[in-house]
Amino acid sequence: MSCIFCEIIERKRPAEIVYEDEKVLVFKDINPQAPIHLLIIPKKHITGIQEIKEDDIEIVGYMFFIARKIAEDLGINNYEKGYRLIFNVGKDAGQSIFHLHLHLIAGRKLNWPPG
Ligand code: AMP
Ligand code: ZN
């Protein structure tokens with residue numbers, strides 16, 4: 001089964017990659033919802049939060065850790081600027097790609113409650 005995000009990891013599909021290590025890849029969202037919109041994905045194919053197992057606790061925590069590190073590099077990891085970290089879980093919540101991804105959205109005032 002082909003997966004767009006696995007193809008990006010394997011460099012079979014282009015993306016604007018901003019960070020990579022042995023566990024995760026971070027790239028710019030192709031359809032940004034704010035001036036900063038990044039996707040943090042595990043290199044392991046997990047379809048979504050729906051299927052995370054106890055063994056995945058470490059990678060999910062690591063995704064948040066990397067999000068925080070990137071936010072720090074961008075100067076937004078503070079109480080004034082800030083950013084939003086989102087997992088869309090299931091189609092009703094807006095999930096359209098079934099490879100786990102954490103959205104990092106920032107660079108403008110974000111509304112609450114979300115739509
Ligand atoms: P979601 O709707 O939560 O599943 O998020 C999927 C995100 O992936 C959307 O924000 C899309 O804009 C983004 N996206 C889809 N295809 C690509 C791609 N080839 N490169 C970068 N981002 C993508
Ligand atoms: Zn995948």
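# Ligand 1 and the spaces around it

Visitor: Which of the 16 residues around ligand 1 come nearest?
Guide: This is a predicted model, in which local features need pLDDT of at least 70 and side-chain atom pairs count only at pLDDT 80 or more, whereas totals for chains, interfaces and linings use all residues. Residues are numbered from 1 along each chain as its sequence is written, chains are lettered from A and ligands numbered from 1 in the order written, and side-chain values use heavy atoms, without hydrogens or water. With a heavy atom within 4 Å as the criterion for being near, the residues that come nearest to ligand 1 are Asp29, Asn88, Gly94, Ser96 and His103.

Visitor: What share of the area of ligand 1 does the protein bury?
Guide: Polar contacts (N or O pairs within 3.5 Å) include a backbone N or O atom of isoleucine 30 at 3.1 Å from a nitrogen atom of ligand 1, and one of isoleucine 97 at 3.0 Å from an oxygen atom of the ligand. In the side chain of histidine 103, an N or O atom is 2.8 Å from an oxygen atom of ligand 1. Taken alone, ligand 1 exposes 500 Å² (Shrake-Rupley, 1.4 Å probe), and the part of this that the protein buries is 86%.

Visitor: Which element gives the most residues to the shell around ligand 1?
Guide: By class, the shell holds seven nonpolar residues, seven polar ones, with Gly counted as polar, and two charged ones (Asp, Glu, Lys or Arg). Among DSSP elements (helices of at least four residues, strands of at least two), the one that gives the most to this shell, with three residues, is helix 1.

Visitor: What is the volume of the second largest pocket?
Guide: Its lining divides into nine nonpolar residues, one polar and two charged, and includes Val18, Tyr19, Ile70 and Asp73. Strand 3 gives the most to this lining, with three residues, while strand 1 (17-20) and helix 2 (57-73) each supply at least two. The second largest pocket has a volume of about 180 Å³.

Visitor: How much space lies in the largest cavity?
Guide: A cavity, where a 1.4 Å probe fits but cannot get out, is found here once at 30 Å³ or more. Gly48, Ile49, Phe87, Asn88, Gln95, His99, Leu100 and His101 line the largest cavity, and by class these are three nonpolar, five polar and no charged residues. The space in the largest cavity is about 40 Å³.

Visitor: Which residues does a cis peptide bond join?
Guide: Most residues other than glycine have a negative phi, and most peptide bonds are trans. Arginine 11, in the loop between helix 1 and strand 1, has a positive phi near 65°. Proline 113 is placed in the segment after strand 5, and the cis bond, with omega about 5°, joins tryptophan 112 and proline 113.

How values were computed
Polar contact = N/O pair within 3.5 Å; in protein donor to acceptor, adjacent residues only side chain to side chain. 1 Å grid on protein atoms, 1.4 Å probe; cavity = no way out; pocket = protein on both sides within 12 Å on 5 of 7 lines; lining within 4 Å. Points joined across faces, edges and corners; volume = space filled by probe spheres on them.
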